[in-house]
Every structure is written in C-alpha cells, then in structure tokens.
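Let's take a walk through this one together, from the overall layout down to a couple of individual residues. Have the model open and follow along.

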Amino acid sequence: MFERLGLDYRICAATAGAMGGSKSEEFLAPAEAGEDTFADCPNCDFAANTEAITYASQPVDPSAVPAAEEIPTPTPPPSRPSPPPSACRRPPR
C-alpha cells in the first residue's frame with residue numbers, strides 16, 4: 001500500500017510494549033517531524049526504532065570535539081491565544 005501511494009518507508013524492528021510477544025515491527029516513514037526515531041543501515045535493509053535497539057557507546061576524544069558555538073536566534077512572535085472549548089465545532093464524544 002505504501003509503495004502504491006509513493007511513500008518512502010521502512011519496516012522497523014520495534015518493541016512489543018503492552019501487546020506482548022517477542023517480535024514486533026512497525027512501518028515508519030522518514031520525516032523531519034514526528035514522534036518516533038529510527039536507525040537504518042545504508043548497506044542492507046535493516047531498520048529499527050531507536051527504542052528497540054541496544055548498542056555499545058564508544059569513547060569520545062574530547063580534543064576532537066569542536067568548541068561550543070553560540071548562535072543568535074531571534075525572539076519568536078507571540079502566539080495567538082487558543083479559542084475557548086465552546087468554539088469547538090466537533091460534537092463531544
């Protein structure tokens with residue numbers, strides 16, 4: 001279905017969570033925004049939700065890390081206030 005829609009996606013190893021079981025997979029699409037993060041291998045088709053993988057951290061040579069740099073950011077404009085709940089047009093559940 002994802003291919004028919006022209007979507008880029010990965011079948012990722014995942015944690016089963018409350019469902020239980022020993023194996024779980026989920027379909028994830030690369031995006032700049034979202035609630036999940038996954039890692040995929042550039043040499044094969046393996047991909048996994050980062051919550052489902054374990055890895056050994058490697059020591060870092062502090063002298064190889066560039067110094068922190070302060071980057072100025074403009075103050076964002078104030079946000080608009082949210083409408084009151086009575087303005088919602090969706091019927092209550």
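Before we start, one cut-off to keep in mind: a residue counts as buried when its relative accessible area is under 20%, and as exposed when that value is over 50%. Also remember that what you're looking at is a predicted model.

Now the overall picture. The protein chain has four strands and zero helices, so from the N terminus on you simply read β-β-β-β. Of its 93 residues, 9% count as buried. The chain exposes about 9,100 Å², with carbon and sulfur atoms supplying 55% of that area. As for contacts between residues at least 6 apart in sequence, 26% of them join residues at least 24 apart.

Next, zoom in on asparagine 49, which sits in strand E4, residues 47-49. Is this side chain's residue buried or exposed? With a relative accessible area of 4%, asparagine 49 falls under the 20% cut-off and is therefore buried. Leaving aside residues up to four places away in sequence, its neighbours in contact are Cys12, Ala13, Ala14, Glu26, Leu28, Asp36, Thr37 and Phe38. One of these, glutamate 26, also makes a polar contact of 2.6 Å with asparagine 49, side chain to side chain.

Note on methods
Residues numbered from 1 in each chain as written. Predicted model: local features only at pLDDT ≥ 70, side-chain atom pairs only at ≥ 80, totals over all residues. Heavy atoms only, no water. Helix = DSSP H or I, 4+ residues; strand = E, 2+ residues; numbered from the N terminus. Buried < 20%, exposed > 50% of the residue type's maximum accessible area, 1.4 Å probe, protein only. Polar contact = N/O pair within 3.5 Å; in protein donor to acceptor, adjacent residues only side chain to side chain. Contact = heavy atoms within 4.5 Å. Areas by Shrake-Rupley, 256 points an atom, 1.4 Å probe, with all protein chains shown as cover.
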